[in-house]
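Biologist: I have not seen this structure before. Could you take me through it by question and answer?

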Amino acid sequence: MIGAGVAGSFAVVGRRSVFGVFFDMVAVPWAAVTSVPWLYRGVGSGAGSRRRVGPRVWWSVAATVLLLVVFVPLLVGADPVFARLVDDVVPALDTALLVQWGFVFTIAGLGVSGALYVLAGPPPPADGPSRVTGWMDLVIAGGAASVASRGAESVAAPHIRRLSRTEWGLPMGALTLLFMVFVGTQLAVMFGGDGYVQRTADLTYAEYARSGFWELSIVTMLTLAVIAVVQRWAAQQSAGDRLWLRIGVAAVSVLTLVIVASALHRMWTYQQAYGFTVLRLLVEVFELWIGVVYLLVLASLVRLRREWVPRAAAGAALATLLVLAVVNPERLVADRNIDRWQAGKTLDSGYLGRLSADILPATDRLPAVQREEIAKDVRAGLDRDTWQGWNLSRSSGR
């Protein structure tokens, strides 16, 4: 749902700039709140036209609703078959459900009004931080439409002092050397295996893998921020400046991709030793996405144009979200854990029993007693689906 909201906001606002992408992610949700006065004015201005249409339409709607309220219960009481049909189609109208419907309708309606509000007065093209600030001021002041009607004046961006090769080259060079040394140690560990790790770190390979994943993940994200700053502020006036910028960013990006691969290898090794979980799988997928972002950064070096990278990265994240849903994380985790069990390792039946009905097909490979133990815990959490909440895994599980 959050991913859909971000994608919709991007689609409504349209591509503007690297800096604007962070505000574009929340443009529609923010406009959904600030559009309420705009909606109120629109309803007020349209009241006259509704009166010209005439009140008979509204009386007809009211009469129709009244007839349904009277006749449907009568028919339900008269025919059990019809009653069952109505019961299957119409959810129970209890207080909690009505509150839920009202909440969902309000959120969806505000989302649509926010999108229309942004479309009614789209933000101006943004080429730098000053333009982005103008867009936020525009939204906070009451929306693009109202500001545009007053005639906003464009303010030229001030001259920005760029970093020389020496200024940005020192930190990037230090990162490059540091990463080269680290990558060298990773190659030694990879080829040395468990014996090398026990001799040098006094840890098993699985313990070694667990100790490093989170740190390496943080390194990859911080490095991405450093690259973004360098690309933004580095001087690019001469051909030499542009060449060295490409070399510096490419070197750090390639070495960081090796670190991403090392982090993924560590987590995979740890899961093979101690078992697979949904959380561990999700952080692996997140690290894979970080690797895709670095590939996008490398692609942007061809023409040194980075404006498209943030939106492409967001698109890759949304595509990853869809692929993850198709892959079915819980089913994948259950399959891998059962593979480990068949290889002679332990199986955490308690953890599998806390997952959803997605895992039930995977448990067919287990002995009947063990399979029923897990299935009993899973089915205990299955509620009856309403007509609009039907789910394939839950239906198959029942």
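This is a predicted model: local features need pLDDT of at least 70, side-chain atom pairs count only at pLDDT 80 or more; totals for chains, interfaces and linings use all residues.

Biologist: What share of the residues of the protein chain counts as buried?

Modeller: A residue counts as buried when its relative accessible area is under 20%. The protein chain has 398 residues. Of these, the buried share is 35%.

Biologist: Among contacts between residues at least 6 apart in sequence, what percentage joins residues at least 24 apart?

Modeller: Contact here means heavy atoms within 4.5 Å. Among contacts between residues at least 6 apart in sequence, the share joining residues at least 24 apart is 69%.

Biologist: How much accessible surface does the protein chain have, and what part of that surface belongs to carbon and sulfur atoms?

Modeller: The accessible surface of the protein chain is about 24000 Å². The part that belongs to carbon and sulfur atoms is 69%.

Biologist: Which element gives the most residues to the lining of the largest pocket?

Modeller: The largest pocket holds about 700 Å³ of space. It is lined by 28 residues, and Val21, Phe22, Leu224, Pro310 and Ala313 are the closest to its centre. Two or more lining residues come from each of helix H1 (2–13), helix H2 (20–24), helix H12 (205–233), helix H14 (278–300) and helix H15 (309–327). With eight residues, the element that gives the most is H12.

Biologist: How many residues of that lining are nonpolar?

Modeller: Two residues of the lining of the largest pocket are polar and two are charged. The nonpolar residues of this lining number 24.

Biologist: Which element gives the most residues to the largest nonpolar core?

Modeller: This core has 30 residues, and those with the most contacts inside it are Met172, Ile227, Leu245 and Val249. Helix H11 (165–201), H12, helix H13 (239–274), H14 and H15 each give two or more residues to the core. With ten residues, the element that gives the most is H13.

Biologist: How many residues are in the second, separate core?

Modeller: Phe276, Val278, Leu360 and Leu366 are among the residues of the second core. The number of residues in this core is 19.

Biologist: Where is Asn328 found, and what is its phi near?

Modeller: Asn328 is found in the loop between H15 and helix H16 (329–342). Its relative accessible area is 18%, so Asn328 is buried. Its phi, positive in a residue other than glycine, is near 70 degrees.

Biologist: Is Ala27 buried or exposed?

Modeller: Ala27 is found in helix H3 (residues 27–34). Ala27 and Gly114 are 87 residues apart in sequence, while their C-alpha atoms are 8.2 Å apart in space. The relative accessible area of Ala27 is 3%, and therefore Ala27 is buried.

Biologist: How far apart in space are Tyr351 and Thr277, C-alpha to C-alpha?

Modeller: Tyr351 has its place in helix H17 (residues 349–353), and it counts as buried because its relative accessibility is 16%. Not counting residues up to four places away in sequence, Tyr351 touches Phe276, Thr277, Val278 and Val333. Tyr351 and Thr277 are 74 residues apart in sequence, and their C-alpha to C-alpha distance is 8.4 Å.

Biologist: What separation lies between the C-alpha atoms of Glu284 and Phe213?

Modeller: Glu284 lies in helix H14. Its relative accessible area is 8%, so Glu284 is buried. Glu284 touches Phe213, Leu264, Met267, Trp268 and Gln271, not counting residues up to four places away in sequence. Glu284 and Phe213 are 71 residues apart along the chain, and their C-alpha atoms are separated by 9.5 Å.

Key. Residues are numbered from 1 along each chain as its sequence is written. Side-chain values use heavy atoms; hydrogens and water are left out. On a 1 Å grid over the protein atoms alone, a cavity is a set of points where a 1.4 Å probe fits but cannot get out, and a pocket is an open set with protein on both sides within 12 Å along at least five of seven lines; lining residues have an atom within 4 Å of a point. Grid points are joined across faces, edges and corners, and a volume is the space filled by probe spheres set on the points. Helices (H or I, at least four residues) and strands (E, at least two) are DSSP runs, numbered from the N terminus. Ala, Val, Leu, Ile, Met, Phe, Trp, Tyr, Cys and Pro count as nonpolar, Asp, Glu, Lys and Arg as charged, and the others, Gly among them, as polar. A nonpolar core is a set of buried Ala, Val, Leu, Ile, Met, Phe, Trp, Tyr and Cys residues joined through side-chain atoms within 4.5 Å. Buried means under 20% relative accessible area, exposed over 50%, partly exposed in between (1.4 Å probe, protein chains only). Accessible areas come from the Shrake-Rupley method with a 1.4 Å probe; for residues, only the protein chains shown count as cover.
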